[in-house]
Amino acid sequence: MKISKLASMISLLALGIATSSQAADNRYVIQVDNQHKGIVKALAVKSGATIKLDGDGFFAATFDNQDLAQVKGLLNNPHVRLVEEDQRRTLQSLYQDDAGDPMQAQVTPYAVYQSQADQVDFVPGTATKVCVIDSGLDRSNPDFNWGAITGDNDSGTGDWDVNGGPHGTHVAGTIGAADNGIGVVGMAPGVEMHIIKVFTASGWAYSSDLAHATDLCSQAGANIISMSLGGGGANSVESNAFEAFTQAGGLVVAAAGNDGNNSRSYPAGYPSVMMIGANDADNNIASFSQFPSCSSGRGKRATMDENICVEVTAGGVQTLSTYPAGMSTMASMSADGVYYDSAAMENAGSASGSTYFMGTAEAIDSGANGKVCMIDRGNISFHDKVANCEASGGIGAIIINNVEGMLYGTLGDANTTHIPTVGAALADRTPLLSATMATVNISASDYGYMSGTSMATPAVSGVAALVWSNFPECTGSEIRQALKATAEDQGAPGHDEYFGYGIVKAKAAYDYLLSGGCDGQDSQPGTFSLTAEYEYAKGKHRVNLATVAAPTPMVDLYRNEQIIATVPADTFYTDSFGRKESGTFSYKACEENTQNCTQAQSISF
């Protein structure tokens with residue numbers, strides 16, 4: 001009990017810090033009518049502000065050592081509509097060790113197959129254009145239809161076609177890398193893109209930057225906005241910009257975030273923005289993918305809103321895509337002429353020769369002289385294993401994992417070895433040790449791997465562009481609905497907060513629109529389902545129940561086969577128990593006065 005009280009105190013302290021009115025970098029957004037903006041800007045500068053951005057109906061400025069209340073006091077002017085914090089937005093990606101080598105031939109990333117993008121043809125010339133708000137698209141990579149790509153330069157971030165880090169180039173490749181026989185292929189190969197560079201290598205942008213970028217996307221004729229970014233806290237200028245873009249017929253897609261918790265990240269958390277989670281190649285949810293609740297409000301006023309939580313997912317773990325030329329290092333490894341997945345560890349170069357198994361390579365072994373060392377993981381450091389191989393005359397090293405999965409690692413900051421070294425998966429140990437010849441290659445590359453909801457987001461943006469190019473008469477909201485209605489259900493049956501409606505499927509969405517038109521075949525996507533979440537609060541056990549995609553206006557809620565309430569569909573209901581009660585309870589929801597019911601959900605406490 002003492003630990004629980006202490007934890008509660010710490011949580012309260014943390015919450016107090018998180019809700020401080022001091023803006024990040026002392027930067028604020030001031031909403032003002034354009035007719036009087038000059039007066040207000042002059043007042044801000046006179047009050048010590050530095051103007052950072054001038055947008056339509058607003059400007060952003062920094063005020064040194066001033067909190068929100070102080071800035072409001074400084075700008076006490078009838079022409080000022082609202083002053084609010086300019087929320088930070090950060091890139092949403094987790095970097096992984098690079099693997100594979102598409103420099104010699106075109107490689108199709110797994111997410112293309114998983115999302116059925118290979119089963120639908122992209123139709124050019126239909127005015128489908130994706131606006132990518134990120135860190136720029138570097139012109140050095142040849143794997144794009146550069147004649148179909150435009151962008152906006154910015155005095156703060158520089159030229160749009162010069163990278164501010166590899167993130168934006170990677171994202172753009174997932175959307176639209178060309179189908180040209182080299183590198184990778186995107187979800188919508190060769191689609192028109194407009195690039196807005198809001199990030200530099202430092203990785204920071206602001207909510208006002210995104211609002212301004214949205215205006216630029218509209219001016220460029222884009223109908224899809226893709227944002228692999230996010231941060232805490234809502235901002236009305238930003239929210240209004242996305243709402244206006246959506247109301248004009250567009251589609252806005254953004255990353256759920258990579259903290260692996262139920263925090264809501266923005267801009268993905270706005271109802272006008274489609275929130276995207278990440279899954280892996282085995283249809284599992286990514287451990288880092290955020291899963292905010294679909295409920296809004298508290299108590300009896302709580303309602304369900306599927307547009308403020310994850311709606312669909314796509315491949316976002318170890319995703320292969322484009323990099324600025326030479327910025328990535330890639331590994332390839334073959335044994336007896338068969339290529340196997342590998343992960344670069346250290347030391348660029350190439351080695352090819354007979355193989356020699358060194359066990360865990362804990363000592364120098366002259367049998368490795370002139371050969372590629374096959375080494376088991378364990379007992380000593382990766383560096384010492386490779387050093388022993390090299391000291392034995394080995395020309396390259398393959399270290400095989402001793403647990404399931406690929407071996408990702410490095411040889412340490414004080415690496416003194418020189419031979420190319422890669423990691424290999426435990427599943428490939430038997431064929432690798434049976435091989436008589438092996439080749440290891442690590443080289444600079446224009447292609448590489450990243451992981452994150454940042455990688456899943458452009459996959460969905462690209463699928464949306466691919467499908468929309470076949471049905472240009474539809475609106476962005478109708479494309480959004482089609483993607484949800486046809487997603488492959490994963491995780492808990494029906495809609496859930498991890499996968500939303502499931503993994504996005506291009507061919508299924510295409511067929512849905514082909515047979516049912518832009519309105520589709522159903523007014524609501526997905527399967528009638530029930531979510532049940534347990535909490536203990538204020539001395540009571542509580543089970544929070546909510547239905548999704550109910551086909552009737554009212555639903556009956558059951559506990560242990562006994563009806564406990566009849567409530568409006570897609571609303572929030574709390575089943576409460578005293579603190580001394582315990583047990584296992586089975587919940588289901590049924591269409592009112594019928595036995596057409598959801599699958600049961602079990603809660604124990």
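Author: Two residues are in contact when heavy atoms of theirs lie within 4.5 Å. Please keep in mind that this model is predicted. Take K37, which is placed in helix α2, residues 37–46. Leaving aside residues up to four places away in sequence, K37 touches V32, D54, G55, D56, G57, F58 and F59.

Reader: Is K37 buried or exposed?

Author: K37 has a relative accessible area of 9% and is buried, because the term applies to values under 20%.

Reader: Which backbone oxygen lies 2.4 Å from a polar atom of the K37 side chain?

Author: That oxygen belongs to G55.

Reader: How should I read a salt bridge?

Author: Side chains of opposite charge can pair when their charged atoms come close. The side chain of K37 forms such a bridge with that of D54, at 2.6 Å from N to O. K37 is in helix α2 and D54 in strand β2 (residues 49–55), so the bridge ties together parts 17 residues apart in sequence. D54 is partly exposed, at 38% relative accessibility.

Reader: How many salt bridges does the count come to?

Author: The count comes to 15 salt bridges. One of them joins R27 and D86, whose closest N and O atoms are 2.8 Å apart. R27 belongs to strand β1 (residues 27–32) and D86 to the loop between β4 (80–85) and β5 (88–91), so this pair ties together parts that are 59 residues apart in sequence. R27 is buried at 7% relative accessible area, and D86 is buried at 1%.

Reader: Which residue forms a salt bridge with E561?

Author: The partner is K588, with 3.0 Å from N to O. K588 lies in strand β33 (residues 584–591), and E561 in the loop between β30 (554–559) and β31 (562–568), 27 residues apart. K588 counts as buried, at 12%, whereas E561 is exposed, at 52%. Elsewhere, salt bridges with shared partners join E306, E311, R480 and K484 into one network.

Reader: Which residues touch the most other members of the largest nonpolar core?

Author: They are M193, I479 and L483, in a core of 63 residues. Helix α10 (residues 453–468) gives the most to this core, namely 10 residues.

Reader: Why does this core lie between domain 2 and domain 4?

Author: Domain 2 (110–320 + 452–510) and domain 4 (529–604) both give residues to the core, so it lies between them. Another core, of 25 residues, lies apart from it; among its members are C217, M227, Y270 and M275.

Definitions and conventions: Residues numbered from 1 in each chain as written. Predicted model: local features only at pLDDT ≥ 70, side-chain atom pairs only at ≥ 80, totals over all residues. Heavy atoms only, no water. Core = buried A, V, L, I, M, F, W, Y, C linked by side-chain atoms within 4.5 Å. Buried < 20%, exposed > 50% of the residue type's maximum accessible area, 1.4 Å probe, protein only. Helix = DSSP H or I, 4+ residues; strand = E, 2+ residues; numbered from the N terminus. Domains from an automatic or database assignment. Polar contact = N/O pair within 3.5 Å; in protein donor to acceptor, adjacent residues only side chain to side chain. Salt bridge = Lys/Arg side-chain N within 4 Å of Asp/Glu carboxyl O.
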